[in-house]
Amino acid sequence: MDVYRIAVIPGDGIGPEVMKEAVRILETAAELDGNFRFEFTTYPWGCQYYLKTGEMMPQDGMEILRGYDAILLGAVGYPGVPDHISLRELLLRIRHDFDEYINLRPVKLLRGAQCPIKGVTPEDVNMTFIRENSEGEYAGSGAWLYPGTPQEVVIQNGVFSRKGCERVIRYAYELAKKEKKSLTSISKANALNYSMVFWDQIFAEVGKDYPEVETHSYLVDAASMFMVRDPKRFEIVVTSNLFGDILTDLGAAIAGGMGLAAGANLNPERTFPSMFEPIHGSAPDIAGQGIASPFASIWAASQLLDFFGREGWGKKIIDTIEAMLVEGDTLPRDQGGTSGCEECGKRVAERLRGI
Ligand code: NAD
Ligand code: IPM
Ligand code: MN
């Protein structure tokens with residue numbers, strides 16, 4: 001029996017609501033399978049914790065997390081705590097310090113999901129975004145000089161290391177090769193004359209090792225237009241931290257909304273735990289009402305099962321959500337239904353049990 005020890009950080013707003021359902025589905029999969037089980041430990045870190053203690057997590061928080069096989073995270077950030085503190089001290093800290101340099105975000109339109117673009121079908125929207133997740137525009141490098149004076153200057157640097165670019169681009173080529181798909185790099189070398197010229201150069205260099213992979217390279221402005229006008233151009237996509245953040249919200253909108261979008265923050269070497277999360281935030285506008293969609297966090301749970309090589313289960317879970325969407329069986333409001341978060345999560349579990 002394989003035992004996976006999982007740290008759960010439900011976080012803020014709808015985070016705890018949707019995390020409960022992700023855990024429910026993982027427990028259901030383990031029980032039905034019989035060959036593996038989970039041990040979950042929940043940590044109450046986040047904005048409430050900050051308001052009580054002045055910290056987003058305790059001093060030894062990272063050492064505590066280090067001992068787990070994986071982390072499940074709900075959402076971080078809430079009015080009352082500045083976002084640049086809450087996010088940098090918890091979510092971004094974990095991604096960075098655990099060297100989770102791959103952010104793998106599927107943009108896949110399930111049958112029955114609400115796509116806002118006329119004439120676009122599930123066959124047209126099946127992308128995998130590989131977002132650089134450890135440096136780039138998110139490196140946190142810069143300065144705030146002469147604050148509050150007429151000379152005030154702020155500097156926010158983008159940090160693009162050869163190692164950092166090469167490893168994420170190589171990961172994307174490997175995936176494209178394995179899945180026999182095309183690979184698209186998205187950058188902006190016409191304006192960002194150091195970072196993105198370097199990125200494009202490394203994309204071409206690494207590509208020499210993968211002559212069998214069909215490649216495309218788009219500027220980010222054109223890429224966002226094509227994602228809406230002609231999404232089937234994109235299969236595997238590799239891009240920088242900030243562009244990946246923005247384009248995967250656009251991707252989420254195309255593929256049924258924030259309630260259906262998940263992401264895995266991977267440390268491929270498995271030196272550190274990887275982290276799985278819905279890509280949406282704490283949704284203060286609907287928090288506490290029990291109406292959030294749990295499908296994104298359940299999708300993240302399916303990615304966790306894939307990561308541990310339980311791939312049959314990941315697919316089974318996504319197929320179950322797809323069947324519910326097609327049949328209109330127990331759907332949250334953002335998918336045109338009337339069911340609450342818990343009701344939807346329980347229904348996914350029931351259907352996995354064949355009920
Ligand atoms: P958001 O993703 O929280 O919400 C955007 C919109 O999507 C809202 O209208 C919300 O109701 C809707 N939505 C999100 N998740 C949903 C779900 N599961 N079901 C149904 N509808 C859903 O983005 P925001 O409002 O820009 O950010 C709110 C807070 O969350 C901020 O503090 C922000 O920094 C933080 N944030 C955190 C993460 C994260 O933890 N990974 C991601 C994005 C934003
Ligand atoms: C995401 C989020 C985070 C990001 C924020 C909350 C820092 O938007 O996971 O997409 O920009 O990476
Ligand atoms: Mn985002």
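Reader: What is the distance from an oxygen atom of ligand 2 to an N or O atom in the side chain of Arg95?
Author: This is a predicted model, in which local features need pLDDT of at least 70, side-chain atom pairs count only at pLDDT 80 or more, and totals for chains, interfaces and linings use all residues. Side-chain values use heavy atoms, without hydrogens and water, while residues are numbered from 1 along each chain as its sequence is written, and chains are lettered from A and ligands numbered from 1 in the order in which they are written. A polar contact is a pair of N or O atoms within 3.5 Å; within protein, one must be able to donate a hydrogen and the other to accept it, and residues adjacent in sequence count only if both atoms are side-chain atoms. For the Arg95 side chain and an oxygen atom of ligand 2, the distance is 2.7 Å.

Reader: How much of the accessible area of ligand 2 does the protein cover?
Author: Accessible areas come from the Shrake-Rupley method with a 1.4 Å probe. On its own, ligand 2 has 320 Å² of accessible area.

Reader: Which space does ligand 2 take?
Author: On a 1 Å grid over the protein atoms alone, a pocket is an open set of points with protein on both sides within 12 Å along at least five of seven lines, a cavity is a set where a 1.4 Å probe fits but cannot get out, and lining residues have an atom within 4 Å of a point. A molecule sits in either if more than half of its atoms lie within 2 Å of its grid points. The space taken by ligand 2 is the second largest pocket.

Reader: Which element gives the largest share of the lining of the second largest pocket?
Author: Helices (H or I, at least four residues) and strands (E, at least two) are DSSP runs, numbered from the N terminus. This pocket is lined by 21 residues, with Val76, Leu87, Leu91, Ile279 and Gly281 nearest its centre. Two or more residues each come from β3 (70–75), α4, α8 (241–254) and β12 (274–278). The largest share, five residues, comes from α4.

Reader: What distance separates a backbone N or O atom of Val76 from an oxygen atom of ligand 1?
Author: Around ligand 1 there are 22 residues, and Val76 is among the closest. A side-chain N or O atom of His280 is 3.2 Å from a nitrogen atom of ligand 1, and a backbone N or O atom of Ser293 lies 2.9 Å from a nitrogen atom of the ligand. For Val76, the distance is 2.9 Å.

Reader: What is the volume of the largest pocket?
Author: Grid points are joined across faces, edges and corners, and a volume is the space filled by probe spheres set on the points. The lining of the largest pocket divides into 12 nonpolar, six polar and 11 charged residues, and α10 (311–327) supplies the largest share, six residues. The volume is about 950 Å³.

Reader: Which element gives the most to the lining of the largest cavity?
Author: The structure holds one cavity of 30 Å³ or more, and about 70 Å³ of space lies in the largest cavity. Its lining has 14 residues, with Pro106, Val107, Ala252, Leu260 and Ala261 closest to the centre. The element that gives the most, with four residues, is β4.

Notes. A residue is near a molecule or strand if one of its heavy atoms lies within 4 Å of it. Ala, Val, Leu, Ile, Met, Phe, Trp, Tyr, Cys and Pro count as nonpolar, Asp, Glu, Lys and Arg as charged, and the others, Gly among them, as polar.
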